[in-house]
Amino acid sequence: MPRSEFVKKCLEVTKQAEAGFRDLWTRLGFSCDWDEMYTTIDPWVRRISQRSFLDLHRRGRVYRREMPTLWCPECVTAVAQAETEDRDLPSTFHDIEFPLPGGGVIPIATTRPELLPACVAVFRNPSDGRWMHLEGRTARVPLFDREVRIIADGRVASDKGSGLVMCCTFGDTTDIAWQEEYGLDLRIVLEKSGRMGPLAGFLEGMTAAEARAEVVSRLGASGLLRGGRPITHAVNVHERCGTPLEYLVYPQWFIRILDMKADLLERGAQVRWHPPMFKVRFDHWVENLKWDWCISRQRYYGVPFPLWYCAACGEPILAGEDSLPVDPLESPPPTPCGACGSSESVPESDVMDTWATSSLTPQINARWGERDERQGFLPMGLRPQAHDIIRTWAFYTIVKAHLHGGDIPWRDMMISGHALNPSREKMSKSRGNVAGDPLAALERYSADELRYWACSSRLGTDVVFSEEVLGLGRRLVTKLWNAVRFAAAHLEDYDPSTPAEPRPFDRWIVARAAAVARAATAGMDEYEYSVCMREAETFFWSALCDNYLEIAKARLYSGPGPRRAAAQSALYSALYTVLRLFAPVLVHITEELYQEVFRRFEGHESIHLAPWPSPQEPDADALSAGDAALVVVEAARRYKSEKGLSMASTISAIRVSGPAALLGAVRPFGEDLAGVARAGRIEWTESGDGEGIRAEVSE
Ligand SMILES: [Zn+2]
Ligand SMILES: [Zn+2]
């Protein structure tokens, strides 16, 4: 099947998946501009991706080199580091004897005896006293009878095995580093098919597992095997299929980045990181970069490189900008070879790493280089993403923005955590441990309840799937519904133009609402939605429902007039404020209640289009006086609950004492206090300075 056909099929599947996502996201209340959808395989996105490659080529930023690359023998493809994971797998540590020329043997422990034909050196730690005498000597590779150097290097772990290790092409990343640093031979024994090649001698044609068994059996027969110990160790596998990965050497395209670490650190510093601790992770990644960015993948599906190679001299022939997107497998090059003039060419069959395109999200959104390019669009405002792809998505996007535009890609980064299952494991479909499969959970919990749970942890921290937290969400949604329904009954005749006589508790709840709006807004300014929720929730449950509603009830039930109007006005304002603070998380219930109660006063089409509560300076006097007055309410409640009395039962008097100034501030609350406490009277007594308000029920 030609790649263009395959891409067409993929686009069809993508369309279906898109519909599924759209349905789910809509049900979950995501606010998306569905006109801005794109896929990385759309023709115009492929064009921008190839344009990026051509631009980097013009700037001398890309080069091609033979390099070891991670390879999945099962899927027969190169894979990116980001697609691998470590799994604990059982294996055997084989103790193998390497003969020394001139007599004697040295023991080497390995889990990969099938790599003996790929062995190019033996390494020891220079500080390991046991092997000092091997300085400058060589060893013979058993069964294959080749002589290799014994080299001292501090990276050898003296406490593992015998303290001697073999270096092969390639067992792991240390082997790759050693090969490069010590100029060791390349002995590639594993082929792309995952089978042993001609350099493996008698193992040729076998899989790695077959070759391992054969080598162990032959070593045993020749008396070169001292023994084996079963172990369980972490093996780097392909996440998708679980196959242990190999390294192959293959020509790859790279973007040169190692020479611009300082620039990248500077770009990272120009971005505002939320929470700031994740900038450290970015900095460490940049500081410890050891490789340029390998962008080629030996795969069928992906964005092709826009180039061919001259069949005569091997020079790359680049596609013209006007032919993008181009698939060199299906189109001829625009010109003969610029170096030798030959018109014979070979298409590049590799495709680009998916990050090579995903790193262009700002440029894609800006339609970079397209006819409808959006001017002044970059840098964008915000990149929301999780913490596990800082070194890929965030890093590569910063690289591309720096190289193409000499700028940062966005001004703010908002880094979230992961959803964990109750055993605190990252939930992933391939592992089948999805306790919180969103669609299944939507059958049992409302979208608002799920959103409440998802926003329950601080930005950047993981959130554990918890029925308990979902239950708290349900409780809040129910309480919100009941509170607004109760208020609605008393707001039916609410007319903001009615003259009102606000009482101190009215001023207090309005000041409390202003204070909570400030704190919640400060949280939101740092993208801390959980802070906003916590502030709003505390205010709602405690100040508004437990206290103000109880205090204002008497006036709300009374006949029309300025006293009732004042309670209506304060209640309306406090509820409308907290509803808007809840709105980003509890999207559905707040919208429903807004439409029912607030829209006719506010006029905005939706609560999600209403202005955010303005974070005004709260009236500090009203706030502190009201907080002090609540001591009286609490004393009455405590008294009644200790005596097992109903909250509606009456008491004869409450004695309130405090320093003169504070007492003077609380006295105006007297009527409302007596009302809510059902107290016959309140007795005011001055006490010494330095104390707060005290209240005591007297029989
Ligand atoms: Zn695989
Ligand atoms: Zn040529």
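Predicted model: local features only at pLDDT ≥ 70, side-chain atom pairs only at ≥ 80, totals over all residues.
How much space lies in the second largest pocket?

**Go next to the second largest pocket.** The answer to the opening question is about 1,100 Å³. To centre the view, select Gln81, Thr173, Lys290, Trp291 and Asp292, which are the closest to the centre of the pocket among the 36 residues that line it. Then display strand S1 (residues 62-72), helix H3 (173-182), strand S10 (246-255), strand S12 (293-294) and helix H9 (390-405), since each of these elements gives two or more residues to the lining of this pocket. With the domain colours still on, note that domain 2 and domain 3 each supply at least three residues to that lining. By class, the lining of the second largest pocket is made up of 21 nonpolar, 6 polar and 9 charged residues.

**Now select the zinc ion (ligand 1).** Show the side chains of Cys72, Cys75, His238 and Cys241, which coordinate the zinc ion through SG of each cysteine and ND1 of the histidine, at 2.1 to 2.2 Å. The angles among these 4 donor atoms run from 105 to 117°, and the site is tetrahedral. For comparison, the ideal angle for four tetrahedral donors is 109.5 degrees. Along the sequence, the donor residues follow the spacing C-x2-C-x162-H-x2-C. Cysteine 72 belongs to strand S1 and histidine 238 to strand S9 (residues 225-238), so this pair ties together parts that are 166 residues apart in sequence.

**Finish at the cavity.** The count of cavities of 30 Å³ or more comes to 1, and the largest cavity has a volume of about 60 Å³. To find it, select Leu115, Thr169, Phe170, Ile188, Val189, Leu190, Glu246, Tyr247, Leu248 and Val249, the residues that line it. Colouring this selection by class shows 8 nonpolar, 1 polar and 1 charged residues.

Notes. Residues numbered from 1 in each chain as written. Chains lettered and ligands numbered in written order. Heavy atoms only, no water. Donors = N, O, S within 2.8 Å, 3.2 Å for Na, K, Ca; no water. Tetrahedral: all angles 85-135°; square planar, octahedral: opposite > 155°, others 65-115°. Helix = DSSP H or I, 4+ residues; strand = E, 2+ residues; numbered from the N terminus. 1 Å grid on protein atoms, 1.4 Å probe; cavity = no way out; pocket = protein on both sides within 12 Å on 5 of 7 lines; lining within 4 Å. Points joined across faces, edges and corners; volume = space filled by probe spheres on them. Nonpolar A, V, L, I, M, F, W, Y, C, P; charged D, E, K, R; others polar. Domains from an automatic or database assignment.
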